[in-house]
Amino acid sequence: MTLLSVRDLEVVFSRRGRRPVRAVDGVSFDVRAGQTLGLVGESGCGKSVTSLAILGLLPKRGVAVNGSVVLEGRELLGLPQEELRDMRGRDIAMIFQDPLSSLNPVLTIGRQITEVLERHFSTSPRDARTEAARLLDMVGIPSAARRLDDYPHQFSGGMRQRVMIASALACKPKLLIADEPTTALDVTIQAQILELLKALVVDSQAALIMITHDLGVVAGLCEKVHVMYSGRIVESADRRELFGNPRHPYTAGLLASVPRLDQERGTPLRPIAGSPRDTIPWSEGCAFAPRCPNRIDSCVGAPPVLLPIDHVSGTGEHDLRCVNPVPVPVAVKVTARRRPTAGIASKTRATRTTRPRKATS
Amino acid sequence: MSLLEVSDLTVHFPITEGLLLERQVGAVRAVDGVTFSLDRGETLGLVGESGCGKSTVGRSILRLVEPTGGSVVFDGTDMGTLKGESLRTLRRRMQMIFQDPFSSLDPRRTVEDTLAEPLRAHGLAPGKLAHERVTELLDVVGLPRNSGSRYPHEFSGGQRQRVGIARSLAVQPDLIIADEPVSALDVSIQAQVVNLLEDLQQKFGLTYLVIAHDLAVVRHISDRVAVMYLGRIVEVAPAEDLYRIPLHPYTIALLSAIPIPDPDVEDRRERILLRGDLPSPANPPSGCRFHTRCPWKQPTRCDTEDPVLREIPAVAGQAHTVACHWAEQIQAGALRPHAVDVTSTSAIG
Amino acid sequence: MSLAAAETAEIALETLGEEQAPKGEVWRRLRRNPAFIIGAVLIAVFVLVAIFAPLLAPYSPTDRQWFDEIRPGFVPGPRGENLLGVDQQGQDELSRIIYGARYSLLIGIVSTTLGAAAGIVIGTLAGAFGGWVDGLLMRLMDVMLAIPGLLFAIGLAALLGRSLKSVMIAIAVVNIPLFARLLRSSMLAQRESDYVLASTSVGVRRWRIVVQHILPNSLSPVIVQGTLALATAIIDAAGLAFLGLGSADPSIPEWGRMLADTQRSLASAPQLAFFPGLAIVFSVLGFYLVGDALREALDPKLRR
């Protein structure tokens, strides 16, 4: 059952005296209830702007949003502010990258969570407080009840992010959008937060859109992955299919340019040439063409279309926006080179560690 | 003789209180006794998460931050004894690449000015020679020759980082300390810069100290790797050994936390999750600093005795040192990780 | 007096410590800011009037040819011969307003420049050396800030006699601590930036770093402050003259003085208070608009 349906979403930023910037240039995807989806791309690809557009959080002036965003049959674009506010938090909640600036520094965190509850459910202050304590406990904050009266600056980065997650889940939204939630955190804290997200999403059955530039994060978390470049989706597939069989030169390039713990140490890194600035507008051809090792003549001239292709492994569809994709045998060779190392040992029953506390509902 | 020998390096930042007369009431022990050496031509990776003190180590070696204890000996010269002009001249031989390609270049000076500045500071290329040398440097780092007349804001992050690298090469140093050289860059650009650094090392016989939090990058580029936690080194080993056979519980947890872009590996791997947050560097835990979060903590020794870095003979290959009382037992599988009581950890401030 | 100046220092301080907007961008933002355009026009008018006063004024400002026409309770108002009327001494008001621009501009520029120069030097020394030098200089600045500007001006007038010179010195002195603190804070912020560290690690000598890196990047707030200080200098000069602390010579066409002189004849010639007041407002407004626009244009946070 489709929870959210985005069709031909376009976001154009205009400023006086400058060329308009097409941050999002025709993005379409669906999210099913309970599904975890990954939006992957580097800076400037439009992934964050997409999420802001869905929630109606973009400024009015100088920004044109077109297309359609339908949540459970209701069109979100163009909704009046009042209805958008009702929807935010209750139906869709968002977690941002920097918890320090997303939390109000002069309110206690207890207040920030109870505020959400009181607004959407008209909960009594006492009930809201009890619920807030329960939520903090659920996200793994020790001495939750006591910490309700603490201020954001009294928490560490990882803890603040947990608070954000707690407040996002307060109203049991159907869809959770996480925009680079762990990018600013240390890797061990990131692992904690990702495990927490995984567990909570499973428990609450909310759908999750994970926005990140880190392919490793989506590999462990997201059922389906969309790779974005310069405002459009260039490849979509289920995660096994995408990582096992990356066909778009950009996706393959990203995978080949990142050093991996499970590869031989001496494996050379194959960077993608040029920089994200070396791009042409989609209307003139493929935006990745200036940097693409697989570029052919037909890449420039007419924009490539997102089309389904045959999948090799895994289930589900594999969509690709490329006229000269990476051939399949190369992708298979990449798989063969990997071997497990002790640092990433497989789980055995004897060494299984305890998981973060789950919600007891 | 090693090119760089760091012994018991300490950097404490005082915490003061009081309105009129500031008294010191404590100290942030950013670096609390770090010892390592670096041979000519080698690349040592220094890894750890925020708050471990690795950046401070880098800066205190160059004396951009003054050490409060210990010694730094560069090519036989004790850096602590140098002042003024002699320090300035020695600085020529050790350079730094900074993390942020945006703030490490003066926005009001052209690239040429920025690259010529080190040359002028040491009288290396008077007059016209400076321009030629700048062009050479631009070539070496793969930037277009006409970049000299442009300003930093006209370049992308990756290109600015190349300018930073060119600047560090200008005076032909022996040692380059790279403080998070690629973490501020887009993923697809990181590989370019990493490859460039490797090429330059080959070409000019450079010695690198690479400070980073991205373990995959560090493993790729380093010969040996040192892991830091809360101001101390907890493990040092050849890169391959560290990643194949990590001995210190922190290293094991760190490695298990790194996401790998392979769904099968991710699903199957064992994750050692640390609980809680980093303790305050102003008030480190007693005994082993990691004991408050350690999944292998034992009832004896861990909270009373501070472990020393010691060599583990059981492991094959070069020297593998670790600061843990129970390293051998953990490695042999005799000890199992267990849940850590979260309330015993203290969050930062 | 120090209140207005302190406020402008606050505004200038906001641009501290962050990455600067590139030069071309600054100019572009200014060009498109209507406040800047209006302010720039006002300033241009003000400056041109001051410079070309002899050409623009229909009469000499001290020419009392209409003195005979003044009766008790009556002063000739605006008419064909005297577009803004005649003042209590029988001089043409318009010519006096026009020549008044010269004095205001002179006082504004001289006092602000003196104050800024001294303040910048002190601030640079404090910022560059730090330690006890910094401490000493800043305590000195604190003392200067603590002295009420008005009392200081009165004391100075008592010491040096009532003159334009003492007004200029008084205003200059009040500006010194403001510029000193501003530049010092700016430098302190820049000192921690990576490119300063980079130059240090490369081996560039300390003084060179201060002059070539820190100072140029610390100047933005100073420019904003300078513009706003000019505005307050004009107001302050007028205020001091109004209080009788300016030149003792009644024939000098200084706007504040002219305002003061109208007190006695407010009933008979209220328009005489209007014109100098309006002139002050417009010139000061011009500087405020430009200063505000500059602050916005230089503000790195507003970047795309």
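The rule finds 5 salt bridges across the interface of chain A and chain B in this predicted model. One of the pairings joins R239(A) to D267(B). Their closest N and O atoms lie 2.7 Å apart, and the cut-off for a salt bridge is 4 Å.

Which elements of chain A give two or more residues to the side that touches chain B? They are α8 (187–204), α9 (215–221), α10 (239–244) and α11 (249–257). Of these, α8(A) gives the most, with 7 residues. By class, the residues on this side of chain A divide into 25 nonpolar, 20 polar and 18 charged.

Now take the whole contact. Chain A brings 63 residues and chain B brings 58 residues. The size of an interface is often given as the accessible area lost when the parts come together. Between chain A and chain B, about 5,200 Å² is buried. Carbon and sulfur atoms give 54% of that area. On the side of chain A, the residues that lose the most area to chain B are T188(A), L261(A) and R265(A). Together they make up 15% of what that side buries.

Turn next to chain C and a pair of its helices. Helix α5 (residues 93–129) packs against helix α10 (residues 206–242) at an angle of about 150°. Their axes are 8 Å apart, and α5(C) passes α10(C) in a right-handed crossing. From α5(C), the contacting residues include I107(C), G108(C) and F129(C). From α10(C), they include R206(C), G226(C) and A229(C). This contact has 13 nonpolar, 6 polar and 1 charged residues.

Key: Residues numbered from 1 in each chain as written. Chains lettered and ligands numbered in written order. Predicted model: local features only at pLDDT ≥ 70, side-chain atom pairs only at ≥ 80, totals over all residues. Heavy atoms only, no water. Contact = heavy atoms within 4.5 Å. Buried area = accessible area lost by both parts, 1.4 Å probe. Salt bridge = Lys/Arg side-chain N within 4 Å of Asp/Glu carboxyl O. Helix = DSSP H or I, 4+ residues; strand = E, 2+ residues; numbered from the N terminus. Nonpolar A, V, L, I, M, F, W, Y, C, P; charged D, E, K, R; others polar. Axes fitted to C-alpha atoms, helices over the stretch in contact; angles between N-to-C directions. Left-handed = near helix turned anticlockwise from the far one by under 90°.
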